[in-house]
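The points follow the display below.

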Amino acid sequence: MLFRSIVVIAVLGLLALGVVTQRPRLVDRRDAADAAFGALRPELDQRYATVPAIVDALRSAGATDRGPTRALTGDLTAWRAAQRGTDVDRITDAANALEGSVARTRAMVAASDRYRSADATLRTAYDAYDSAAPPAALVTANTRAVAEYRTARGRLLARPAVLVGGFDPRTTYEPILP
């Protein structure tokens, strides 16, 4: 009985030591990932400010009822709602969804003779979107910071701190470039 108690106390002590020693590293990595995404946000605001013109051009081309157009409209609404909050993962997920929806509308237009007839208006809208792509250096910095945070979260010694410390995962921003 005494031996069990000593073993339990030793295990709990090691877990506590793991939490105490790993927490600062996790905090630093999480904050670096959040800061790297924070540097991207103004660029993304500028990029996604061009999306309403794409939606308008798609509507003018008669694609209002098409799934990719409806998804793009919904994802733009989700982006705007996420921007009002502070949840970095929610904002990143909304940005990634918007990137995907723009790519799907572009594919829909490319595959349709009817939508290509409105090509000049759509091309202007897509060109504005493409020209507002975030700098590659910022995207790379975000990707690296998130990868380092994920690695720190996955370490065996860090797992107790992750469980008790609220170290939620982070999502990497993934732009889709033409």
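1. The model is predicted. In it, Val51, Ile54 and Leu58 of helix H2 meet Leu98, Val102, Thr105, Met108 and Val109 of helix H4. Seven of the residues in this contact of H2 with H4 are nonpolar, one is polar and none is charged.

2. Helix H2 covers residues 51–60 and helix H4 residues 88–110; their axes come within 12 Å and cross at roughly 30 degrees. Because angles under 35 degrees count as roughly parallel, H2 is described as roughly parallel to H4. The crossing of H2 past H4 is left-handed.

3. The dimensions of H4 itself can be checked. At 1.5 Å a residue, its 23 residues should span 33 Å, and the C-alpha atoms at its ends are 33 Å apart, which agrees. At the start of H4, the backbone nitrogen of Asp89 has a side-chain oxygen of Asp87 within 3.1 Å.

4. Helix H3 (residues 67–83) packs with H4 at an angle of about 160 degrees, and the two axes are 8 Å apart. H3 is therefore roughly antiparallel to H4, since angles over 145 degrees fall in that class. H3 passes H4 in a left-handed crossing.

5. On the H3 side they include Pro68, Leu72, Asp75, Leu76, Trp79 and Gln83. On the H4 side they include Arg90, Ile91, Leu98, Ser101, Val102, Arg104, Thr105 and Met108. By class, this contact of H3 with H4 comprises 15 nonpolar, four polar and three charged residues.

6. Helix H6 (residues 119–131) is a further partner of H4: the axes of H4 and H6 come within 12 Å and cross at roughly 150 degrees. H4 and H6 are therefore roughly antiparallel to each other, and H4 passes H6 in a left-handed crossing. From H4, the residues in contact are Glu99, Val102, Thr105, Arg106 and Val109; from H6, they are Leu122, Tyr126, Tyr129 and Asp130. They divide into five nonpolar, one polar and three charged.

7. Val102 and Thr105 of H4 take part in the contact with H2, in the contact with H3 and in the contact with H6. Val109 of H4 is listed for H2 and for H6, while Leu98 and Met108 of H4 are listed for H2 and for H3.

How values were computed
Residues numbered from 1 in each chain as written. Predicted model: local features only at pLDDT ≥ 70, side-chain atom pairs only at ≥ 80, totals over all residues. Heavy atoms only, no water. Axes fitted to C-alpha atoms, helices over the stretch in contact; angles between N-to-C directions. Helix = DSSP H or I, 4+ residues; strand = E, 2+ residues; numbered from the N terminus. Parallel < 35°, antiparallel > 145°, perpendicular 65-115°, else oblique. Left-handed = near helix turned anticlockwise from the far one by under 90°. Contact = heavy atoms within 4.5 Å. Nonpolar A, V, L, I, M, F, W, Y, C, P; charged D, E, K, R; others polar. Expected span 1.5 Å × (residues − 1). Polar contact = N/O pair within 3.5 Å; in protein donor to acceptor, adjacent residues only side chain to side chain.
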